[in-house]
Protein chains: 2
Amino acid sequence: MAKKIAVLMTDLVEDIEYTSPVNALESQGHDVEVIAPEAGEVEGKKGGKFKADKSISEVNSDDYDAVYVPGGFSPDGLRGDENDRFSKFAKHFIEQNKPTFAICHGPQLLVDTDLLSGRNLTAVKNVRKDLENAGAKVHDQEVTVCSNLVTSRTPDDLDAFNGEIMKQLA
Amino acid sequence: MAKKIAVLMTDLVEDIEYTSPVNALESQGHDVEVIAPEAGEVEGKKGGKFKADKSISEVNSDDYDAVYVPGGFSPDGLRGDENDRFSKFAKHFIEQNKPTFAICHGPQLLVDTDLLSGRNLTAVKNVRKDLENAGAKVHDQEVTVCSNLVTSRTPDDLDAFNGEIMKQLA
């Protein structure tokens, strides 16, 4: 059955961390919506231009089955939101045990949910200390699955990451 | 008396967070050395080209009187060092109560020292949760002075930041 997936991202997203999972999701018939600070366009770190379907101001987390946070410098930008709208949006999925996906720097945004204590995660080396300090158990592996929470380290892990995403949505 | 200050930075440093404090320091006769992953050149987020005087592999923290970590995406890059050489270098200054300066995303690198518990700091909004989770008391103010530790939030705070830097080195 097709699921509706919210992708939270802004400028300087790591291009392939957007395109690879989204292509995989859409090829399985899932419905992906990009949610950004403003609807319009998001510019990737490598120069890609991606459509932002909705502004965070116009969406409700109840309307989505899963959430995905790609990496690059986008998660840092989302954390700068004055009203923490992106971490509040993501919080719903962790609280409700809905599928929650993040790769590379993506888990940075999840730190702001205050819900990582005791959870198993991986991420790019640069932010692992922040996950540990948030109470997470951090692993250096291509993909870490912790119930509804699926995380990976870098673009090199995308095959394993996409595989676990699909299992969560099956 | 002239002091020797180590500036820890890599590509995507916030240009003015390098140039403004360094100009202030040099105008007072202090000796500034840029320490990067490799000696050569560092490229700023805004396109500036800055000389990297030394590689982190060839320096000893004992040889410097103070350390400065400018912001941008540079601190994130420094945290990616496989051997954590930049956070180990910075750790010396906090342990020895030598002047330690960081602005914007700069405090991210200090998180990796595991020495922020109980310290008063500020930083750009995006990383404040990480400082709290590291045990710091986080303030939303233009400059926070905690004994030898001086931190600021953004380029708008540079005047106040530079002023406190100079007091520490007087």
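Colleague: Before I look at any detail, what pLDDT does chain A average?

Modeller: This is a predicted model, and chain A averages a pLDDT of 98, with 100% of its residues scoring at least 70. The model as a whole scores ipTM 0.96 and pTM 0.96.

Colleague: How many residues does each chain give to the contact?

Modeller: Twelve residues come from chain B and twelve residues from chain A. On the side of chain B that touches chain A, α2 (74–79) and α5 (128–133) of chain B each supply at least two residues, and the largest share, three residues, comes from α5(B).

Colleague: Which classes of residue are on that side of chain B?

Modeller: If you sort the side of chain B that touches chain A by class, you find six charged residues, three polar and three nonpolar.

Colleague: Why do you say the copies meet through the same surface?

Modeller: Because 100% of the interface residues of chain B are also interface residues in chain A, the copies meet through the same surface.

Colleague: New topic, the sheet in chain A. What is the order of the strands?

Modeller: In chain A, seven strands form an open sheet with mixed pairing, and the order is β5-β2-β1-β6-β7-β11-β10. β5 (54–55) and β10 (143–146) of chain A stand at the edges with a single partner strand each, so one side of each is left without a neighbour in the sheet.

Colleague: Do β7 and β11 of chain A run parallel or antiparallel?

Modeller: Strand β7 (residues 100–103) and strand β11 (residues 149–152) of chain A run parallel and are joined by four bridges, with A102(A) standing opposite T151(A) in β11(A). By contrast, β10(A) and β11(A) run antiparallel, also joined by four bridges, and here T144(A) stands opposite T151(A).

Colleague: Which residue takes a positive phi in the hairpin of β10(A) and β11(A)?

Modeller: That is S147(A), with a phi near 55°, in a hairpin that has two residues between the strands.

Colleague: What does helix α3 of chain A lie across?

Modeller: Helix α3 (residues 85–95) of chain A lies across β1 (4–8), β6 (66–69), β7 and β11 of chain A, and it runs at about 130° to β6(A).

Colleague: Let's move to chain B. Which are the edge strands there?

Modeller: Chain B has an open sheet of seven strands in the order β5-β2-β1-β6-β7-β11-β10, with mixed pairing, and the edge strands are β5 (54–55) and β10 (143–146) of chain B, each of which pairs on one side only. Inside that order, β7 (residues 100–103) and β11 (residues 149–152) of chain B pair in the parallel sense over four bridges, and I103(B) stands opposite S152(B) in β11(B).

Colleague: And what does α6(B) lie across?

Modeller: α6(B) lies across β6, β7, β10 and β11 of chain B, running at about 170° to β11(B).

Colleague: At what angle do the axes of α1 and α6 of chain B cross?

Modeller: The axes of helix α1 (residues 15–27) and helix α6 (residues 158–169) of chain B cross at roughly 35° and come within 10 Å, and the crossing in which α1(B) passes α6(B) is right-handed.

Colleague: Which residues meet there?

Modeller: From α1(B), the residues are S20(B), P21(B) and A24(B), and they meet L158(B), F161(B), N162(B), I165(B) and M166(B) in α6(B). By class, the residues of this contact of α1(B) with α6(B) divide into six nonpolar, two polar and no charged.

Definitions and conventions:
Residues are numbered from 1 along each chain as its sequence is written. Chains are lettered from A and ligands numbered from 1 in the order in which they are written. This is a predicted model: local features need pLDDT of at least 70, side-chain atom pairs count only at pLDDT 80 or more; totals for chains, interfaces and linings use all residues. pLDDT is the predictor's confidence in each residue, from 0 to 100. Two residues are in contact if their C-beta atoms, placed from the backbone, lie within 7 Å. Ala, Val, Leu, Ile, Met, Phe, Trp, Tyr, Cys and Pro count as nonpolar, Asp, Glu, Lys and Arg as charged, and the others, Gly among them, as polar. Axes are lines fitted to C-alpha atoms, for helices over the stretch in contact, and angles run from 0 to 180 degrees between N-to-C directions. A crossing is left-handed if the near helix is turned anticlockwise from the far one by less than a right angle, and right-handed if clockwise. Two strands pair if DSSP finds at least two bridges between them.
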